[in-house]
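Work through the exercises below with the structure open beside you. Try each task before reading its solution.

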Amino acid sequence: MDNYRHEYKYLLNGVTSTIQQIRAAGLLLPDPHADETGGYTVRSLYFDDFADTCLRENRNGTDPRSKFRIRYYNNDLSTLRLEKKSKCRGMTSKESCPLTPEECTLLIQGQLPATEDPVKLRLFTQLQLRCLSPKVIVTYRRNPYIYPVGNVRVTFDRELTASSETSRFLTGDYRCRPVLATGQSLLEVKWDAIMPSHIKEVLSLEQLQWTAFSKYSMCRIYQL
């Protein structure tokens, strides 16, 4: 499928997470967007309709399905993006566009920003037609690694928190609740057509337990 990627997730305890990150750091390249600590903070605002259709589809494993979120990194509003993430036959794709803080505020308020950009217009219109509104803020710390062959991306997400104070999304200042246990992390492995065999072997992926863990779904459960 064009523009679709494989995506596998593994929930790791503290010891396994440390071992896997050491292996990844020795084999893969650091993401150029990572800071001096080797990672960055991801803050996302997820949308759903009044019937929580996206949440129900996620829990039921509906295929195909899609969901919308607005995301920015390291408290930097210049990185704001609206994203539509779709899943079909176990693979994922993402369509996105940059946002200004003003456009983001209007979308949070349920208004449609004026635009002549065709991608923005398409995504804005879908948000409106599906009657989607903000539901939860999902925040976590990510340590990312990349490998050019196969367009492989390996990430370790930790310190996952949830908040229902969606109106304060752009401020970064809101009450939140931890979702993962201390030391736990979520390993995500993504690639295009082919996963290099040596990466699979070094990370011992076949020995790990695959999970359908959804940050959105879990944060809806634990949000304040």
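This is a predicted model: local features need pLDDT of at least 70, side-chain atom pairs count only at pLDDT 80 or more; totals for chains, interfaces and linings use all residues.

**Exercise 1. The largest pocket**

Task: Find the volume of the largest pocket and state which residues lie closest to its centre.

Solution: 
- Start with the volume, which is about 770 Å³.
- Next, take the lining, which has 31 residues.
- Closest to the centre are R71, Y73, K94, R142 and R153.
- Last, trace the elements. Strands β1 (5-12), β3 (40-48), β4 (65-73), β5 (76-88), β6 (91-98), β7 (133-147) and β10 (185-191) each give at least two lining residues, and so does α6 (215-222).
- The top contributor is β5, with 5 residues.

**Exercise 2. The second largest pocket**

Task: Describe the lining of the second largest pocket and name the element that gives the most to it.

Solution: 
- The volume here is about 350 Å³.
- There are 20 lining residues, and K9, N58, R65, K87 and A212 are nearest the centre.
- Two or more residues come from each of β1, α2 (53-60), β4, β5 and β11 (210-211).
- Helix α2 gives the most, with 4 residues.
- By type, the lining holds 8 charged, 7 polar and 5 nonpolar residues.

**Exercise 3. The largest nonpolar core**

Task: Which residues touch the most other members of the largest nonpolar core?

Solution: 
- The core has 19 residues.
- I70, L82, L99 and F169 touch the most other members.
- Strands β3, β4 and β5 each supply at least two core residues, as do α3 (101-108) and α4 (118-129).
- Zoom in on L82. Beyond four places in sequence, its contacts include F68, I70, C97, L99, L107, L123, F124 and L127.
- L82 also contacts R69, E95 and S96.

**Exercise 4. S185**

Task: Is S185 buried or exposed?

Solution: 
- Locate S185 in strand β10.
- Its relative accessibility is 2%, so S185 counts as buried, the cut-off being under 20%.
- The side chain of S185 has a polar contact of 2.7 Å with that of S17.
- Beyond four places in sequence, S185 touches Y10, L11, L12, S17, F156, D157, R158 and L180.

**Exercise 5. R141**

Task: Which side chains make polar contacts with the side chain of R141?

Solution: 
- Locate R141 in strand β7.
- R141 is buried because its relative accessible area is 13%, and the limit is under 20%.
- The side chain of T37 makes a polar contact with that of R141 at 2.6 Å.
- The side chain of T41 makes another with R141, at 3.1 Å.
- Among the other residues in contact with R141 are D35, G39, Y40, N74, F156, D157, R158 and E159.

**Exercise 6. G150**

Task: Where is G150, and which residues more than four places away in sequence does it contact?

Solution: 
- G150 sits in the loop between β7 and β8 (152-163).
- The contacts of G150 beyond four places in sequence are W191, D192 and I194.
- Now compare G150 with L132. They are 18 residues apart in sequence, and their C-alpha atoms are 35 Å apart in space.

Methods: Residues are numbered from 1 along each chain as its sequence is written. Side-chain values use heavy atoms; hydrogens and water are left out. On a 1 Å grid over the protein atoms alone, a cavity is a set of points where a 1.4 Å probe fits but cannot get out, and a pocket is an open set with protein on both sides within 12 Å along at least five of seven lines; lining residues have an atom within 4 Å of a point. Grid points are joined across faces, edges and corners, and a volume is the space filled by probe spheres set on the points. Ala, Val, Leu, Ile, Met, Phe, Trp, Tyr, Cys and Pro count as nonpolar, Asp, Glu, Lys and Arg as charged, and the others, Gly among them, as polar. Contact means heavy atoms within 4.5 Å. A nonpolar core is a set of buried Ala, Val, Leu, Ile, Met, Phe, Trp, Tyr and Cys residues joined through side-chain atoms within 4.5 Å. Buried means under 20% relative accessible area, exposed over 50%, partly exposed in between (1.4 Å probe, protein chains only). A polar contact is a pair of N or O atoms within 3.5 Å; within protein, one must be able to donate a hydrogen and the other to accept it, and residues adjacent in sequence count only if both atoms are side-chain atoms.
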